Each structure stands twice: as structure tokens, then as C-alpha cells.
Amino acid sequence: MEMTQVLITGVKGFIGHHLYNSLMAEGYDVQGIDDCSGLGWEDREVPHSHCDITKDPLPYINAQYVIHLAAKAGVRKSWDPKHLKEYCDTNIKGTSRIFNHYKNSMILYASSSSVSDMKSPYAMTKAACEAMAPTNAIGMRFFTVWGEQSRPDMFYRQLQEKKIGYLTTHTRDWCHVDDVCGAIKFIMKKFAILKSTTPPVYDIGYGSPMSVYDFARTHAPEGFNVDALPFKNVTGESEETCADSSPLKALGWNVM
């Protein structure tokens, strides 16, 4: 029996490489592309073809599923004017090229919980992706994804490496990367049903927020004193995020 072909953009990314390994373990024919411009890709050993989605020819035109994860990530960095063009080019232009090229594929594309309150340029680029998504695409609003081999600038990895210098008062819907991969695979299997919702964009999270402080206390490595860290006021971000994953759960999505 012919295997289902899946293309993952941003396959060397945090979520991308976990998803690659998960799909391969289930017998999918998985191909991946990445331009290796993100952080931490050197530590993620997954096969890939080099491709800049903003300008290079896009391969694997016959993929049944395209999981579009390639993006310029990071809310805080998007406020820096010198990086704004990168966000627009990758997240808007690159995504537009994906949408226009894979017209016969089922596309699952990464959006963000930050779209809910639009407090950053990054959020605006993700909102633009949702607005221009074609009829063969489903959006996935990822909340705060955490787990092993995340980017060096992400909270969980900095906590594990004892590089956290301060805490914030934010509350986040922390979702483990394995559950995120499970949600992606669930959406793939339920694509036709989920596509009927207008607009077809789904929250990927638990719906049970936890403060940054409590998360740090729960996951701090041995010998790291979270209580010794100062609190810092950080603006330009959501104070609290909370996913509404009830549409997915109603159809049978289960978390770990």
C-alpha cells in the first residue's frame, strides 16, 4: 500500500523535528524543507532539503499533506524595526507562496495564540496568514509549546540550562510538544470534518493556564532556586493566554 506523503516546512525547527520523528514512526512518507535560519537547528538530526520559502522553488508538489511550520518566530524580537522585514517576508510572503503552490494538498499551517489580542508585529503577521488562507488550509493557533530540544531563546530550555535571569507575571497555557504533534496528527485525520468550520482555525493548548512562576517551580532543574529570581515587567505581550480546544476535544483529541 502506498504511504501517505507529508511535507513539513521548518522541519529542523522545534516542533518540526518532533513531528517528523512522530510521523515517521507511524509509517508516513515524510519529507522536510528548512533554510536553517532559526535557532537550535544544529542539534536536531532530521533529513531535510534546503529551501528558503520566500524565494526558492518549492518541492514535493504532490504531497497529500503540507504541514507549514516554517516561520520567523518570537514576539519580543518582532518589535525591533531592523527585524520587521524578516517577519513580513517569511511569515506573510513565504506563507503566501506555500498557499499558492500547494493547491492540491491539504495544508495545516502554524498560527499563534498571540493573534487573539494582536499586541505585537509578530501577531499581525500570523493574523495576515489566517486572513489569506485558502479553502484547502486549516490554521493551528499554538499556545506556549515547551519540551526538549526547543530553541535556545525559549523559557523552558533556558530554565533547564539555568540561564533564566528573571521571571514575569504572565500566565500561559503551556502545551507539551508531544501533545502538539498529537493535535497535528489528529487534525490531519479529521481534516474534512474540521475544514467545515468557519473560519477553520483551531486553538492547540490545554485550556488550563499556569503562571510563569509556577511553571518554573514545577520544571526547574535540581539545585536551581527559582525563588531567588527577580520579577520583571515585560510589555508588548499578552498577560494571560488560554486555549479553547473544545472543538478538537469534542471530536476525540486527547492529551497526554
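Keep in mind that the model is predicted. For burial, the cut-off is under 20% relative accessible area. F215 is buried too, at 1% relative accessibility, and W146 also falls in the buried class, at 14%.

Now for how these rings meet. A pair of aromatic rings is described by the distance of the centres and the angle of the planes. Searching the whole structure turns up 9 aromatic pairs. Take W146 and F215: their planes sit at 80°, so this pair is edge-to-face. What about sequence distance? W146 belongs to strand β7 (residues 144–146) and F215 to helix α7 (residues 212–219), so their pair ties together parts that are 69 residues apart in sequence.

F215 has another partner, W174. Here the planes are at 10°, so the two rings are stacked. This pair also links distant parts of the chain, with W174 in strand β9 (residues 174–176) and F215 in helix α7, 41 residues apart.

Here are the two pairs side by side:

| Pair | Distance of centres | Angle of planes | Arrangement |
|---|---|---|---|
| W146 and F215 | 5.3 Å | 80° | edge-to-face |
| W174 and F215 | 3.8 Å | 10° | stacked |

Which residues form one aromatic cluster? They are W146, F155, Y156, W174 and F215.

K232 lies over the face of Y166, and the distance to the ring centre is 4.7 Å.

Definitions and conventions. Residues are numbered from 1 along each chain as its sequence is written. This is a predicted model: local features need pLDDT of at least 70, side-chain atom pairs count only at pLDDT 80 or more; totals for chains, interfaces and linings use all residues. Side-chain values use heavy atoms; hydrogens and water are left out. Rings of Phe, Tyr and Trp (its six-membered ring) pair if their centres lie within 6.5 Å; planes under 30 degrees apart count as stacked, over 60 as edge-to-face and the rest as tilted. Helices (H or I, at least four residues) and strands (E, at least two) are DSSP runs, numbered from the N terminus. Buried means under 20% relative accessible area, exposed over 50%, partly exposed in between (1.4 Å probe, protein chains only). A charge sits over a ring if NZ of Lys or CZ of Arg is within 6 Å of the ring centre and within 35 degrees of the ring normal.
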